[in-house]
Amino acid sequence: MEEFLTSNGVQYEHHDIASEPAAQQYLESRGVKSAPVTVIDDDEIIIGYFPRKLIASLKLDAQVDLSGRTGWLADKYDRILHAAIRATMQLSPDQLKEPVAWRPETLRDTIVHIMSFPELAYASHRTGSMTTDDMQACRERLSGVNSPEEISEYAEGVIRDIVDFLNSDNTEAFDRVVPAHYGGEVTVVELLNIILSHSTHHLKQVYWFMETSLGVTPENRATSEDMDGIFTPEALI
């Protein structure tokens with residue numbers, strides 16, 4: 001455990017929950033299943049990295065502007081989602097139907113999830129939200145996208161839309177605050193940061209499943225450089 005003191009005298013603690021069972025048990029008792037997480041005065045819980053929320057809650061004297069990260073985000077989405085496409089194209093329709101180990105769904109479901117959540121996050125600047133209802137509607141809309149070719153074609157469109165949006169200099173859209181299942185009230189750029197980590201974590205799971213359950217070695221997989229700067233949990237499952 002590390003203790004920190006903010007510039008305004010607010011004290012908080014940092015725990016490595018992977019190596020501190022008590023911290024992990026505490027978070028589980030509060031219904032928290034994601035990291036990073038900040039708990040303030042045993043009262044306020046902030047899941048994920050949200051500079052605006054952290055600055056306000058920790059009473060930090062700082063300004064944050066994530067719009068400057070849009071170029072970085074565009075590059076990372078291009079790399080990660082194209083890596084997911086390459087993995088998809090190595091799989092047969094039967095392999096895509098295999099149930100995965102981390103949730104009650106198929107490998108196809110996980111791969112489409114990798115592509116569709118970025119689409120929902122990007123589209124929130126227009127739709128105004130990324131809620132569980134939005135996610136369910138998206139699952140239904142994509143129910144007919146099943147073959148490797150169909151999934152890849154869909155993903156290419158998602159990549160084009162996200163990259164074009166992030167390179168648009170549309171700061172008003174970037175800074176729009178939307179209600180989201182991941183993070184609560186966040187800006188569109190903050191949400192895209194969160195979902196990039198989410199999709200990258202699932203891509204790592206897909207690589208692991210391909211190797212351990214299907215006997216398929218991912219070709220031209222995402223590199224450490226591709227993933228540099230993207231937070232993902234240490235545990236795959």
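User: In which helix is E211 found?

Analyst: This is a predicted model. Going by its assigned helices, E211 is found in α9.

User: Is E211 buried, partly exposed or exposed?

Analyst: The relative accessibility of E211 is 38%. Buried means under 20% and exposed means over 50%. E211 therefore counts as partly exposed.

User: Which residues does E211 touch, not counting residues up to four places away in sequence?

Analyst: Contact here means heavy atoms within 4.5 Å. With residues up to four places away in sequence left out, E211 touches V216, T217, P218 and R221.

User: How are α3 and α9 oriented to each other, roughly parallel or roughly antiparallel?

Analyst: The axes of α3 (residues 70-88) and α9 (residues 188-212) come within 10 Å and cross at roughly 25 degrees. On the α3 side the contact includes W72, Y77 and I80, and on the α9 side it includes L192, L196 and Y207. Angles under 35 degrees count as roughly parallel. The two helices, α3 and α9, are therefore roughly parallel.

User: Which elements do the buried residues of α3 pack against?

Analyst: The buried residues of α3 include L73, Y77, I80, L81 and I85. K76 is also one of the buried residues of α3. These buried residues of α3 pack against α5, α7, α8, α9 and α10.

User: What is the handedness of the crossing of α5 and α7?

Analyst: The axes of α5 and α7 (residues 148-166) come within 10 Å and cross at roughly 25 degrees. That angle makes α5 roughly parallel to α7. The contact is made by residues including I111, M115 and Y122 of α5 and Y154, V158 and F165 of α7. The crossing of α5 and α7 is left-handed.

User: How many of the 21 residues of α5 are buried?

Analyst: Buried means under 20% relative accessible area. The helix α5 is largely enclosed by the rest of the structure, because the buried residues number 18 of the 21.

User: How far apart are the end C-alpha atoms of α5?

Analyst: Helix α5 covers residues 107-127, and at 1.5 Å a residue it should span 30 Å. It also bends by about 30 degrees at H113.

User: Which residue takes a positive phi just after α5?

Analyst: The phi in question is about 90 degrees. The residue that takes it, just after α5, is G128.

How values were computed. Residues are numbered from 1 along each chain as its sequence is written. This is a predicted model: local features need pLDDT of at least 70, side-chain atom pairs count only at pLDDT 80 or more; totals for chains, interfaces and linings use all residues. Side-chain values use heavy atoms; hydrogens and water are left out. Helices (H or I, at least four residues) and strands (E, at least two) are DSSP runs, numbered from the N terminus. The expected span of a helix is 1.5 Å times one less than its number of residues. The bend at a residue is the angle between axes fitted to the seven residues ending there and the seven starting there. Buried means under 20% relative accessible area, exposed over 50%, partly exposed in between (1.4 Å probe, protein chains only). Axes are lines fitted to C-alpha atoms, for helices over the stretch in contact, and angles run from 0 to 180 degrees between N-to-C directions. Angles under 35 degrees count as roughly parallel, over 145 as roughly antiparallel, 65 to 115 as roughly perpendicular and the rest as oblique. A crossing is left-handed if the near helix is turned anticlockwise from the far one by less than a right angle, and right-handed if clockwise.
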